[in-house]
Amino acid sequence: MKVARVNTMAALESFKQNSKLLALLDSDGITALAGVATAFMVNPGIVIVRQRAKSDSFFLIAKGGVRIFVDADGQQKEVARLGPGNFFGEMGVFTGEPRSATVMSIGKSVLFVFSVSGFHK
């Protein structure tokens, strides 16, 4: 399987131990966050988002990492690598603009996905 859903609450509790931001949340805060997030395990080499696609969610890396590419004259150019605790996809969510880069997983990664619609519940 290339992408598998994992228990979001368990993943958040585990990630909380290594996150200064999530460490500020009590159990009610973690429960609320789990209500708007979905956790996924992604195998290596999977494209998570594509440049120019609609931006309707952002991602927090709990485990593993990602490579970020931009299309430059028809060639994919790697511009960054992100690991646990980093996030991506937020700018398009805030601005409504399409994705500015393609993001691919490095190794087995666990990602929290936060959809715009989840925050309007």
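Strands here are DSSP runs of E with at least two residues, numbered from the N terminus. S105 sits in one such run, strand β7. The model is a predicted one.

S105 is buried, at a relative accessible area of 3%. A polar atom of its side chain lies 2.4 Å from the backbone oxygen of N43. N43 is also among the contacts of S105 once neighbours within four places in sequence are left aside.

**Helix α1**

Helix α1 covers residues 8-16. Which of its residues are buried? They are T8, A11, L12, F15 and K16. Viewed down the axis of α1, these buried residues fall within an arc of 135 degrees, so they line one face of the helix. The general rule behind such a pattern is simple. An α-helix has 3.6 residues a turn, so residues three or four places apart point the same way.

Several elements cover the buried residues of α1. Among the helices, α2 (20-23) and α3 (27-36) contribute to this cover. Strands β1 (3-6), β2 (37-42), β4 (57-72) and β7 (102-115) are included as well. At the start of α1, a side-chain oxygen of N7 comes to within 3.0 Å of the backbone nitrogen of M9.

**Nonpolar cores**

The largest nonpolar core has 15 residues. Which members touch the most other members? They are L12, F15, L33, F112 and F114. At least two residues of this core come from each of α1, α3, β2, β4 and β7. Helix α3 gives the most, with 4 residues.

L33 touches L12, L22, L25 and F114, with residues up to four places away in sequence not counted. Another core, of 13 residues, lies apart from the largest one. Its members include I46, F88, A101 and L111.

**Aromatic pairs**

How many aromatic pairs does the structure hold? There are 2. A pair of rings is described by the distance of the centres and the angle of the planes. Planes under 30 degrees apart count as stacked.

The rings of F58 and F114 have planes at 15 degrees, so this pair is stacked. F58 is in strand β4 and F114 in strand β7, so the pair ties together parts 56 residues apart in sequence. F114 is buried, at 5% relative accessibility.

The rings of F59 and F88 have planes at 10 degrees, so this pair is stacked too. F59 lies in strand β4 and F88 in strand β6 (residues 87-88), which links parts of the chain 29 residues apart. Both F59 and F88 are buried.

| Pair | Centre distance | Plane angle |
|---|---|---|
| F58 and F114 | 5.1 Å | 15 degrees |
| F59 and F88 | 4.8 Å | 10 degrees |

**Positive phi in two loops**

R52 is not a glycine, yet its phi is positive, at about 80 degrees. Where is R52 placed? R52 is in the loop between β3 (47-49) and β4. R52 is exposed, with a relative accessible area of 56%.

D73, likewise a residue other than glycine, has a positive phi near 55 degrees. D73 belongs to the loop between β4 and β5 (75-82). Is D73 buried or exposed? D73 counts as exposed, at 81% relative accessibility.

Notes. Residues numbered from 1 in each chain as written. Predicted model: local features only at pLDDT ≥ 70, side-chain atom pairs only at ≥ 80, totals over all residues. Heavy atoms only, no water. Buried < 20%, exposed > 50% of the residue type's maximum accessible area, 1.4 Å probe, protein only. Arc of directions from axis to C-beta. Contact = heavy atoms within 4.5 Å. Polar contact = N/O pair within 3.5 Å; in protein donor to acceptor, adjacent residues only side chain to side chain. Core = buried A, V, L, I, M, F, W, Y, C linked by side-chain atoms within 4.5 Å. Phe/Tyr/Trp six-rings, centres within 6.5 Å; stacked < 30°, edge-to-face > 60°.
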